[in-house]
2 protein chains.
Amino acid sequence: MTVSGRRGRRPTLEQVAAYAGVGRGTVSRVINGAANVSDQTRTAVQQAIAELGYVPNRAARALAAGSTDAIALVIPEAETRLFAEPYFSGIIRGVSAELADTDMQLLLTLIRTPKERDRFAQYVTAHRVDGVLLLSVHADDPLPDLLQQIEMPAVLSGRRSGDEPVPYVDCDNTGGAQAAVEHLIGRGRRVVATVTGPPDMYVARCRLQGYRDALRAAGLEEDERLVAEGDFTEEGGRRAMRGLLAARPDLDAVFCASDVMAAGARAVLREEGRSVPGDVALVGFDDSAVARHMDPPLTSVRQPIEEMGRAMVRGLLEEIEGRKEGRGGHSNRVLPTELVRRSSS
Amino acid sequence: MTVSGRRGRRPTLEQVAAYAGVGRGTVSRVINGAANVSDQTRTAVQQAIAELGYVPNRAARALAAGSTDAIALVIPEAETRLFAEPYFSGIIRGVSAELADTDMQLLLTLIRTPKERDRFAQYVTAHRVDGVLLLSVHADDPLPDLLQQIEMPAVLSGRRSGDEPVPYVDCDNTGGAQAAVEHLIGRGRRVVATVTGPPDMYVARCRLQGYRDALRAAGLEEDERLVAEGDFTEEGGRRAMRGLLAARPDLDAVFCASDVMAAGARAVLREEGRSVPGDVALVGFDDSAVARHMDPPLTSVRQPIEEMGRAMVRGLLEEIEGRKEGRGGHSNRVLPTELVRRSSS
DNA sequence: AGGTCTGTTGGGAGCGCTCCCAGACATGAT
DNA sequence: ATCATGTCTGGGAGCGCTCCCAACAGACCT
């Protein structure tokens, strides 16, 4: 924590230049790692910087250079409740970690209301950030298209559809669901049901697809009465589970498209006197805290959330860099998931 | 989303002035809500702003005014795991909500390593933010003192000790714990144990104090064998619970200083064949997702986390304002907690 | 009529940087 | 010796704002 105790104004680039006996331009070159600076000069400047405890003024730099050295992480308010728990903090952790080596700043923006969204739209339209990370957007969110229209570099977490035009980072939802169901089948289950997410969400459709793929691959029966629609809430899980038990009382396994829904399903199974995993094996998705603390602990599909955060930042920085140099970026990434086996299956 | 489609450079204050037929100073006055502008002029300027879709350039403003219009929310990395789930996102939600009306920006900074801490120290020392929100600092964290030393406005969440010199927002840990234990006593429990947090954390000491206060007020026995030290982890809760059962097998209630520890305790109770709440009543602290999903659902003490976030921002803005006008702020706040009754007690 | 306020307004100076051009110097080729 | 070429360097211009001072108009007094 070597910080000069000097009170009042902070040293400026100009003062560093004077102290080192060089010109402003030279100091700027050293700071920005430009070539064409002799080793001797560079050393002298670096020493002056250290001795004066100089820290560049971001505002001045941003003003002069026309860039902001900041990216925004945008989170629709609803998500902070729904996906609250490993997701939210996991992404932030990954983003922050990847940004630590950069001197980019992270601006956090929660969007609660259409008014706030418009305000943010204004803000990005005025190019007050260099790029935007958009968390779990809904299909009808106008923000991604706006960003693309004003040519603001952006990366989404998750896709809105199969052919997402905006760069994105996603995890292999289909593969994860498939692995989960294959696992159930591997444990000898033969009547495997599923509780899905809302069908207008791409992520929900992917997980359902994975379920179907696994059944088909194993040659097991596919019955629409084994598919119940949930909404990613616990209550939705409850409702769906009741429906499944009514339609197919002979089911012996359930794959839930989220842990929270699995928690709801589990409660209904208990009410109905079905043991887990004895009578019915249960698998969730997300590997959240809920999964670990359920009784019995829930087998679940883990997404590499932190890694997704990192990948988003890498992608965004590439986009920004690419945009500057005239070439395009568009580096989508789909990260693998992992089945975490616990005693519910 | 009324945004002029004009490509290229954004309109500047100067252009707004020209468009409205006034001087730069006048536009600046209108934007910053200064007095001494005639209604007629103000209206004209506002219309020009709207018509051109003008958004002030933060960097330019910061540079000229010497302030940044940004505050930093600093989170020690460890906390994002430990307190991850309602705490982290709750605070952020509150902070963001309170900031929405302001045009302050929120910079998020996770601090993982001493190196990153030093870097942040540099950053704030260079006055690159107007204020700092510091989450759950440890007693040995040098950051609060540094901030105070360089006269950077700051607000802590939680105190490091009883006489915290830096402004803070906290919840009534003592009162919450006391209410929890009183609740247990009210339900007829007579041998009430507690699992504490690490004694070097002030929050843990407060919750223990609340436990003691309640016992004393009820005239119940206080036995040191009824107090077991945990560390806010599930495993710590397990260990503590085993110790308690060994030392006082006759206990009929346990107050755990965190939900996570309560989850550990609950697991041990199950192993030992003690029913909850039949044999042993259980109460936690935090009202986290874990509490809701335990079996049985855990009675817990809820902190008004979102409100704490809001209070932190209000306090910080006061500090910043006060600092500017030469007077001091120092508005600490201790918010009330609330007992959420579920079936574990 | 002259003087003094008060309320408004315009615009110069400057915030601390980056960009870029021109100049200084060294090197090698002619 | 001369010139071209290249490397390094200094500093002017300007980014878009806020601050502040001077100027002006009108109201009110003496």
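**View 1. Chain A has 14 helices and 12 strands.** Helices here are DSSP runs of H or I with at least four residues, strands are E runs of at least two, and both are numbered from the N terminus. Chain A has a radius of gyration of 26 Å, well over the 20 Å from the globule rule for 345 residues, so it's more spread out than a compact globule. (That radius uses C-alpha atoms, and the rule is 2.2 Å times the number of residues to the power 0.38.) Its C-alpha atoms fill a box of roughly 85 × 40 × 35 Å along the principal axes.

Keep in mind that this is a predicted model: local features need pLDDT of at least 70, side-chain atom pairs count only at 80 or more, and totals for chains, interfaces and linings use all residues. Residues count from 1 along each chain as its sequence is written, while chains are lettered from A and ligands numbered from 1 in the order written.

**View 2. Here's the surface around DNA strand D, with 27 residues.** A residue makes the list if its C-beta atom, placed from the backbone, lies within 6 Å of the strand. Among the closest are A:G23, A:G25 and B:S28.
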